[in-house]
Amino acid sequence: MDSIDNPEKIYPSGYEPKEIHTDVNVRNQLLNEILKSSPTEFINTDLFTVMSKRRSTRKFTDRIVETVKIDKIIAAADTAPTAGNFQGFEIFYVKSPEKKQQLVEACNNQPYVHAPVVLVFCKNPSRVKFNFPEEVLKKFAIQDATLAAAYSQLAAQALGLSSIWIGMFDEQKVMKVINTDLIPSSILCIGYPKQNKFPKPRRNLQEIVHAVW
Ligand SMILES: Cc1cc2nc3c(=O)[nH]c(=O)nc-3n(C[C@H](O)[C@H](O)[C@H](O)COP(=O)(O)O)c2cc1C
C-alpha cells in the first residue's frame, strides 16, 4: 500500500479517481473536487432524508456503478473523523470477479458479497501515532475504520445506490484474498438495488436513550 509509505496519499494503490485535474501537492484538493462535483441525476441528498430512506439491500442489479459515484463514496470515507486525524484505516477496493467470489467464501458464503462495488475497510493501528498503549491504538483504529465505512454507506444511499454491511467473515481468509496483514473491520457491498424497500422498524427512541443527570 502506497498510502502507508506516503501519508500524503489519500487513495489506496490501484484506484484511480476520475477527477484528476487537480494539483496533487495541494492537500485535500482532489478530495474536495470529488465532493463538490455534481450528482449525475436528481437525488435528494439532504442528510436526514438520506438517513430516513436507507435500507440494506442484498439483491443488486447488474447495472455498473458510475466511477464518479465510486469516487464520492470513497471520498466520503475520507471525510470521517479519525483519532488524532491519523486516519487509522485503509480501503481495499475489490474489483475482479474472482476475488469477489473468494470473498463470498470468506464471508460465510454470503452470495451478495459478489456485488458491483465491494470495499473492504481495514484497521491500520500503525498509522495512529499516539503514545498510548497498543490496545488503545487498536481501539482507535477499529473506530476509524467503522466510521469511514459508515460515511461511505450513507454516501452510497445519497447517490441513489444501496448497500449491505458485512461483519460476518473469517478475518484471516479475507486478509488472504486482499493480500494484506491488516485486519478487516467491515465489508461494504454496494450497487443499484433490485427493489427499493421501506426502512426497517427500530426501537422507540425513549428505550434507547438513558438520561444521566
Ligand atoms: C456490525 C454489522 C454487521 C453486519 N453483518 C452483516 C452480515 O454479515 N451479513 C448481512 O447480510 N448483513 C449484515 N449486517 C446488516 C444488518 O443485518 C442490517 O444493517 C440490519 O438488519 C438493519 O437493517 P437496515 O440496514 O436496513 O436498517 C450487519 C450490520 C452491521 C452494523
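Is the crossing of helix 4 and helix 6 left-handed or right-handed? In this predicted model, local features need pLDDT of at least 70 and side-chain atom pairs count only at pLDDT 80 or more, whereas totals for chains, interfaces and linings use all residues. Residues are numbered from 1 along each chain as its sequence is written.

Helix 4 and helix 6 cross in a right-handed manner, the near helix being turned clockwise from the far one by less than a right angle. The axes of helix 4 (residues 67-77) and helix 6 come within 7 Å and cross at roughly 145 degrees; axes are lines fitted to C-alpha atoms over the stretch in contact, with angles running from 0 to 180 degrees between N-to-C directions. Helices are DSSP runs of H or I with at least four residues, and strands are runs of E with at least two, numbered from the N terminus. Helix 4 contributes K72, I73, I74, A76 and A77 to the contact, and helix 6 contributes A148, A149, Y151, S152, A155 and A156 (C-beta atoms, placed from the backbone, within 7 Å).

The largest nonpolar core has 49 residues, and V118, V120, F121, I187 and C189 have the most contacts inside it. Such a core joins buried Ala, Val, Leu, Ile, Met, Phe, Trp, Tyr and Cys residues through C-beta atoms within 7 Å, buried meaning 20 or more other C-beta atoms within 10 Å. Its largest share, nine residues, comes from helix 6 (residues 134-158).

P199 lies in the loop between strand 4 (184-191) and helix 8 (205-208). P199 counts as exposed because it has 11 C-beta neighbours inside 10 Å, the limit being 12 or fewer.

Key: Contact = placed C-beta atoms within 7 Å.
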